[in-house]
Every structure is written in C-alpha cells, then in structure tokens.
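Reader: Hello! I would like to learn how to read ring pairs in a structure. Could you take me through them?

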Protein chains: 2
Amino acid sequence: MKLSDGVEQSIHSIAMLASLEEHQVLSAAALAEFHGVSQSYLLKHLQALSRSGILGTVPGPKGGYHLEQSPDEISLFDVVLAVEGPEPAFRCKEIRRNGPNPASESYFIAPCQISADMLRAERSYHDELRKVKIAHLLAKVQRDDDGTLAARSCAFLDANARTSRQTRIQQPR
Amino acid sequence: MKLSDGVEQSIHSIAMLASLEEHQVLSAAALAEFHGVSQSYLLKHLQALSRSGILGTVPGPKGGYHLEQSPDEISLFDVVLAVEGPEPAFRCKEIRRNGPNPASESYFIAPCQISADMLRAERSYHDELRKVKIAHLLAKVQRDDDGTLAARSCAFLDANARTSRQTRIQQPR
C-alpha cells in the first residue's frame, strides 16, 4: 500500500501557495523547480487539487495557481482525497460469494465482516488526517524556523509570484 | 492508495484455517478453489504469511498450511504487514532538500513536519487494525449464522482437510 508521491508534492505546493498575497499566483513550472520534481507529474496533481476546489487557477501564459480555500480549512485528508481519489484502500471483492459452494444470497445483504472492520480502521486514519490542517503544519514549521526558511520562501516568491488581476477561475467540482 | 487483493484473500484463508483440527492442514489449491481465486496469487501470500510466522507449513505433496498462531493473537494488522510489507503508505522523498535553493542541512535533522503528521495518522490506522483479531471476526460471523455458513465450511473441510503427523515446519522469520 503506497500513497502517490503526488501527496507529498501537493502538500508542499499548498504550503508554498499559502504564502502568496492577494491576486498572486504561482505557475506549475515554478512550483516544480522549487521542489525539484517533474513538472508534468506535479501538474497532474495541481489539476486534481483544482478540480477538488482546494486550488484556483488563472489561465493563460501569465497564469498559475492560488489557494481557493483557507489554509485552516484544508486538511491532509482533503489533499489525499484529491490526489488518490475516493476509493478506499481496502476494496472488498466479495470472495465469500465465490467458489463451488457459495452461501445463499441472504448472507450477502450485510457487508462482509472483514470488509466492515477493514473500512472502520481506515475511517480512523482519515479522521486523523482530517484533524491536521495546512495552517497547523505551517505554524509548526514557522515555530522552528530562525528565519532562514522564511527567507528562502520569500526569495522564491519574489522571483516567481505573478500578480494577476484576471478573474480567477474555479474549476467545476 | 490500494491494499493488495492478497489482504482479503489472506484474511478469508486464515479464517478457514482457524477451523482445522490438530494435525490438519489445507493445501493452497483447496483454499484457492474454495475462494474462487488464482492459486498462484494466493500461494504467494500464503508464503508471506508463513514467513511472518502466522501460518505454519507441512511440506510435500500431502502437505499444506495451518495456523501457527492462535486466532485470538492474529490481528488484521499482522496480516496487512505480512502481505504489504513494513513500508509506510506515506514515503517521504524529502523534497524540501531539492531545488535550486535548498535550506541548510541543520533543518533536515528533524523529520519533515508533513511526514511526521502523515505517519502519525497512519499509526492510528495500524492501531485500529491491531485491535481486530481473527477470533473477533469469527465470533461475529458465527453470531449471525443460522448454521448454513458453518455447514458450508464443514463440508469443505471434510473434503479437503489433510491429516498430517509430519513435523510441521515453521518458516524462519
């Protein structure tokens, strides 16, 4: 079981976008360069974050991405959901229905007990991810920063943030 | 993020093996037929369960698998760990070290806050999986059974359980 590398890249990108000022955007190219990752791979995930309503986009060659939601609204679960999709990690194939001597249909009205317990555990994972908001992460990073990390981000933003008065487009959810 | 189908197949197989009497084993072929799944795929996972100490094996053409641990010791987490391996779902690539202007090494002594929070949530998932033992699952299934499911399992075991006085071999962990 493995989460896509897009989860890590998305959280870091959102954390960076949280520092933008109003009307500013960052391009996928700039975010990919800062994080030293493939632009095409990151772009796929930025588009997923946009479709899920976490990011907004300004189209065109001078456009880019910005946060559509506040950092204290966006949870780690929101990011995982946007990147990984809604399917659970445990996907019951109902193999109890298989084989040469399956039980009668009446037993399959209730979900398999195995599936029920696997999914209950998964919900507690999601609940923990929901508790952590991007704003919490940023506060912890800032608490441990002597100014160096902030200066690094500021230098990047000074060089790459684009001011756009264009109407920001929110993707249909 | 997806758990291998081997998790579902392994849990069902362990539940069936829990009904064996002393000195009985079931072959991978019989377990695969009962569950209507690929024998070679199931075999791979039975071997992993054996390596992890959950199953024991009796070698040879009349051999097979049996539980090496008690159903009230084997948790859903044990099965997931055996099938999926010990790597976490979130695998931090430390992308904060990347890019044209990485922060100084002193910042990378502590784990990335993102990784720390992702892994903390994952631990709560594992903790929930640890709470559910195979014995709990079996008790719930038996509670809802009017005898039909038990009869189905008994018919299968009567036809397929092999009695073996051979020394059972526990795989090295």
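**Rings and their partners**

Author: Let us start with A:Phe156, which is buried at 7% relative accessibility (buried means under 20% relative accessible area, with a 1.4 Å probe and protein chains only). This is a predicted model, where local features need pLDDT of at least 70, side-chain atom pairs count only at pLDDT 80 or more, and totals for chains, interfaces and linings use all residues. Residues are numbered from 1 along each chain as its sequence is written, chains are lettered from A and ligands numbered from 1 in the order in which they are written, and side-chain values use heavy atoms, leaving out hydrogens and water.

Reader: How many aromatic pairs does the structure hold over all chains?

Author: Three. Rings of Phe, Tyr and Trp (its six-membered ring) pair if their centres lie within 6.5 Å; planes under 30 degrees apart are stacked, over 60 edge-to-face, and the rest tilted. In one of the pairs, A:Phe34 and A:Phe156 have ring centres 4.4 Å apart and planes at 45°, so this pair is tilted.

Reader: Is A:Phe34 buried or exposed?

Author: A:Phe34 is buried, at 8% relative accessible area. Another pair, A:Tyr125 with B:Tyr125, is stacked, with 5.1 Å from centre to centre and 5° between the planes. That pair crosses between chains. A:Tyr125 is buried at 1%, and B:Tyr125 is buried at 1%.

Reader: What sits over the ring of A:Phe77?

Author: A charge sits over a ring if NZ of Lys or CZ of Arg is within 6 Å of the ring centre and within 35 degrees of the ring normal. Here the charged end of A:Arg130 is over A:Phe77, 4.1 Å from the ring centre. In chain B, B:Arg130 lies over the face of B:Phe77, at 4.1 Å from the ring centre.

Key
Buried < 20%, exposed > 50% of the residue type's maximum accessible area, 1.4 Å probe, protein only. Helix = DSSP H or I, 4+ residues; strand = E, 2+ residues; numbered from the N terminus.
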